[in-house]
Amino acid sequence: MGDLREPLRELTECGLPQALEVMGERWSFMILRASFNGLHHFEEFLTELGIARNILSNRLAKLVEHGILKRDPCAEDRRKIEYRLTEKGFDLLPAMVALRQWGQKYGSEVVENPVLVDERDRLPIGPTSILSHDGRILGPQDLWLVERNNLGIRADGSRATAEGSLANGDVVDLGAVRKAKDAA
């Protein structure tokens, strides 16, 4: 990861400790998974997850406090509350998928059913990957830490610029990216 190291004692200098403060225990992830699976009501979470009422209440309050879920009155009965994912909550989906895939790879031999697929082709999704700004799949050897004021300065001193960003549904032609890289 280069010559620099993150300040490991500084909990405010990195997003990981902040994320773990909110999501760093099993029940928060199980509630989030249930939300992604369409559960919205306290009693649904209670029944489906087999979680103690006080723990569920505490975790839901924490997820709402941190803006991952929001509380809305139920349309059919305004006395009931629904818990809905916010944009911040939906942004946790890649982390959830990555953890799920890691558990499937290194956990016990569980045959996944139902299987998580892409909507268009109905085939299993590929492994969650770290992508560069231009869509290249990166491995640990490709990651580097630099000071913010050195962003875009390559090892040879030349300057790189971001050429747009990827969005949902974009398809990256990795062969073309490799050819362009080799030609440069």
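Guide: A salt bridge here means a side-chain nitrogen of Lys or Arg within 4 Å of a carboxyl oxygen of Asp or Glu. The structure is a predicted model, in which local features need pLDDT of at least 70 and side-chain atom pairs count only at pLDDT 80 or more, while totals for chains, interfaces and linings use all residues. Residues are numbered from 1 along each chain as its sequence is written, and side-chain values use heavy atoms, with hydrogens and water left out.

Visitor: How many salt bridges does the structure hold?

Guide: One of them joins the side chains of Arg-136 and Asp-134, with 2.9 Å from N to O. Another is formed by Arg-122 and Glu-119, where the N to O distance is 3.9 Å. For the structure, the number of salt bridges is nine.

Visitor: How far apart in sequence are the parts that the salt bridge of Arg-100 and Glu-112 ties together?

Guide: In this salt bridge the closest N and O atoms of Arg-100 and Glu-112 are 2.7 Å apart. Arg-100 belongs to helix H6, whereas Glu-112 is in the loop between H6 and strand E3 (130-131), so the parts tied together have a sequence separation of twelve residues.

Visitor: Is Asp-134 exposed, partly exposed or buried?

Guide: The classes rest on relative accessible area (buried under 20%, exposed over 50%, partly exposed in between, with a 1.4 Å probe and protein chains only). The partner of Asp-134 in its salt bridge is Arg-136, and Arg-136 is partly exposed at 28%. Asp-134 has a relative accessibility of 29%, and therefore its class is partly exposed.

Visitor: What pattern does the chain follow when read along the sequence?

Guide: Helices and strands are taken as DSSP runs (H or I over at least four residues for helices, E over at least two for strands), numbered from the N terminus. By that count the chain has seven helices and four strands. Read along the sequence, these follow the pattern α-α-α-α-β-β-α-α-β-β-α.

Visitor: What percentage of the 184 residues in the chain do buried residues make up?

Guide: Among the buried residues is Ser-35, which has 7% relative accessibility; Phe-45 and Tyr-83 are buried too. Of the 184 residues in the chain, the buried share is 19%.

Visitor: Which residues does Ser-35 touch, not counting residues up to four places away in sequence?

Guide: Ser-35 is part of helix H2 (residues 26-36), and a contact is counted where heavy atoms lie within 4.5 Å. With residues up to four places away in sequence left out, the residues touched by Ser-35 are Phe-45, Leu-69 and Leu-85.

Visitor: What kind of aromatic pair do the rings of Phe-45 and Tyr-83 form?

Guide: Rings of Phe, Tyr and Trp (its six-membered ring) pair if their centres lie within 6.5 Å, and the planes count as stacked under 30 degrees apart, edge-to-face over 60 and tilted for the rest; three aromatic pairs result from this rule. The centres of the rings of Phe-45 and Tyr-83 are 6.4 Å apart and their planes stand at 70 degrees, so the pair is edge-to-face.

Visitor: Which parts does the pair of Phe-45 and Tyr-83 tie together?

Guide: Both of these residues, Phe-45 and Tyr-83, are buried. The positions of the two residues are 38 apart in sequence, so the pair ties together helix H3 (residues 42-49) and strand E2 (residues 81-85).

Visitor: Are the rings of Trp-102 and Tyr-106 apart at an angle that makes the pair stacked, edge-to-face or tilted?

Guide: Trp-102 and Tyr-106 lie four residues apart in helix H6 (residues 93-106), which is about one turn of the helix. Trp-102 is exposed at 55% relative accessible area, and Tyr-106 is exposed at 54%. With ring centres 5.7 Å apart and planes at 50 degrees, the pair of Trp-102 and Tyr-106 is therefore tilted.

Visitor: What distance separates the C-alpha atoms of Leu-93 and Leu-32?

Guide: Leu-93 lies in helix H6 and is partly exposed, with a relative accessible area of 38%. Although Leu-93 and Leu-32 are 61 residues apart along the chain, the separation of their C-alpha atoms is 9.0 Å.
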